[in-house]
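Here is a short briefing on one protein model. Keep the sequence and the 3D view open as you read.

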Amino acid sequence: MGVIRILSIAAMIVAAGVSAARAQSDYPNKPVHLIVGFIPGSSADITARVLGNRMSQLLGQQIVVENKPGAGSSLAAEYVARSPKDGYTLFVGSSANITNAAINPKLSFDMVKDFAPIALVNSAAVILVANPSVGVSSLKELIELAKNKPGEINYASTGVGTAPHLSGELLNMRAGLKLVHVPYQGSPQAATDLLAGRVQIMFSPASAVVAQVESGKLKVLASATAQRTGILPNVPTMAEAGMPDFVTSIWFGLMAPAGTPREIVDKLARAAIEAAKSPEVITSWRPQGIDPMIAGPDQFAKFVSQEVTRWGEVASAAGLKK
């Protein structure tokens with residue numbers, strides 16, 4: 001290879017490096033697409049639209065929210081995992097992706113290997129509620145009743161492999177119970193049967209049942225959040241109610257395809273964290289039972305890895321893996 005050709009190739013490599021560096025420093029210079037794996041109006045969608053609006057202001061570039069529902073957010077996750085690693089296609093990852101993977105480890109993508117975590121931003125509270133006819137007013141009373149009536153108390157969920165489902169399985173494991181799982185297609189159907197007494201208890205997204213709790217139609221026993229939730233601040237956490245280290249909130253965070261330059265990830269993380277802490281964002285989230293839950297890229301990556309391990313163990317113990 002001649003000297004001129006070698007120098008030409010070297011110049012091309014340098015130019016490409018300079019161009020890539022310039023693209024990263026100018027980022028974002030066009031709209032960023034934020035992919036949501038659930039329908040409009042869902043907690044994931046509300047998270048994305050409220051957060052995206054504030055991040056657009058901070059980044060000086062439009063963030064376009066796109067809904068790609070299906071397979072419990074797995075379709076959206078696969079789409080983003082296979083997208084260019086340039087920071088212009090992001091994903092609203094959630095606990096649903098982790099519990100899906102716990103049930104079905106043969107998914108075409110890996111939540112740890114195929115994504116670069118950007119920022120954990122919030123969580124939607126999950127609360128344990130009971131039909132008043134059950135006659136319990138605390139977690140302790142429920143556990144005592146369930147031990148005396150093994151296999152006789154049914155708990156509703158929003159579907160197989162969801163956080164409410166695995167919350168019930170975790171309670172079975174931790175308290176030595178035999179609660180019977182009854183899956184539904186969503187919160188409205190599950191709440192309807194809970195109110196009618198066809199099922200006795202439910203781990204429910206707080207926003208789906210808060211009106212019934214406040215009216216006395218349902219009895220709230222505890223919140224499965226790490227701290228008390230803003231939508232029901234007087235309700236004790238599971239830990240306060242006597243079940244330490246029981247946290248099963250439905251969390252959301254921003255992710256990019258693995259291999260996205262760290263400079264871009266860090267810039268997005270700074271904007272996402274600042275947005276999640278802003279009063280206007282918190283005020284918009286709170287009526288939906290959503291509270292800030294914030295972590296940067298490295299801490300979020302560690303959190304995801306821990307969640308994968310934790311829910312994988314619960315799914316295995318409950319015999320739920322496909």
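A salt bridge is a side-chain nitrogen of Lys or Arg within 4 Å of a carboxyl oxygen of Asp or Glu. By this rule the count comes to 10 salt bridges. The model is a predicted one. The protein has 11 helices and 11 strands.

**Overall picture**

- The C-alpha atoms fill a box of roughly 85 × 40 × 30 Å, taken along the principal axes.
- Of the 322 residues, 51% count as buried.
- Take the contacts with a separation of 6 or more: residues 24 or more positions apart account for 78% of them.

**The six-strand sheet**

- Six strands make an open sheet with mixed pairing, in the order E2-E1-E3-E10-E4-E11.
- Strand E2 (63-67) and strand E11 (290-295) are the edge strands, and each pairs on one side only.
- On average, neighbouring strands of this sheet are turned by 25° against each other, direction ignored.
- Strand E1 (residues 32-36) pairs with E2 in the parallel sense, over five bridges.
- Within this pairing, valine 32 stands opposite isoleucine 63 in E2.
- Helix H3 (residues 74-81) lies across E1, strand E3 (89-94), strand E4 (115-124) and strand E10 (250-257). H3 runs at about 145° to E3.
- H9 also packs on the sheet, touching E3, E4, E10 and E11. The direction of H9 makes about 5° with that of E4.

**The five-strand sheet**

- Five strands form an open sheet in the order E7-E6-E8-E5-E9, and the pairing is mixed.
- Strand E7 (180-183) and strand E9 (219-223) stand at the edges. Each has a single partner strand, so one side of each is left without a neighbour in the sheet.
- The twist from one strand to the next averages 30°.
- Strand E5 (residues 126-130) and E9 run antiparallel and are joined by four bridges.
- Isoleucine 127 has serine 223, in E9, as its bridge partner.
- Helix H6 (residues 163-175) packs on the sheet and touches E5, strand E6 (154-157), E7 and strand E8 (201-205). The direction of H6 makes about 150° with that of E6.
- Helix H7 (residues 187-196) lies across E5, E6 and E8. H7 runs at about 145° to E8.

- Buried residues in H9 include Ile264, Val265, Leu268, Ala269 and Ala271.
- The largest nonpolar core holds 86 residues. Met55, Phe115, Ile118, Leu171, Met238 and Trp285 touch the most other members.
- H9 gives the largest share of this core, nine residues.
- Methionine 55 touches Ile63, Leu254, Leu268, Ala271, Ala272 and Ala275, not counting residues up to four places away in sequence.
- A second, separate core has 19 residues, among them Ala125, Ala191, Met202 and Val209.

**Salt bridges one by one**

- Glutamate 307 forms a salt bridge with arginine 310, with the closest N and O atoms 2.9 Å apart.
- Both residues lie in helix H11 (residues 297-317), three residues apart, about one turn of the helix. An α-helix has 3.6 residues a turn, so residues three or four places apart point the same way.
- Is glutamate 307 buried or exposed? Glutamate 307 is buried, because its relative accessible area is 6% and buried means under 20%. Arginine 310, at 24%, counts as partly exposed.
- Arginine 198 forms a salt bridge with aspartate 193, and the closest N and O atoms are 2.8 Å apart. Arginine 198 is exposed, with a relative accessible area of 53%. Aspartate 193 counts as buried at 15%.
- Lysine 68 forms a salt bridge with glutamate 66, and the closest N and O atoms are 4.0 Å apart. Lysine 68 counts as partly exposed at 28% relative accessibility. Glutamate 66 counts as partly exposed at 24%.
- Arg262, Asp266 and Asp298 are linked in a network of salt bridges.

How values were computed
Residues are numbered from 1 along each chain as its sequence is written. This is a predicted model: local features need pLDDT of at least 70, side-chain atom pairs count only at pLDDT 80 or more; totals for chains, interfaces and linings use all residues. Side-chain values use heavy atoms; hydrogens and water are left out. Two strands pair if DSSP finds at least two bridges between them. Helices (H or I, at least four residues) and strands (E, at least two) are DSSP runs, numbered from the N terminus. Axes are lines fitted to C-alpha atoms, for helices over the stretch in contact, and angles run from 0 to 180 degrees between N-to-C directions. Contact means heavy atoms within 4.5 Å. Buried means under 20% relative accessible area, exposed over 50%, partly exposed in between (1.4 Å probe, protein chains only). A nonpolar core is a set of buried Ala, Val, Leu, Ile, Met, Phe, Trp, Tyr and Cys residues joined through side-chain atoms within 4.5 Å.
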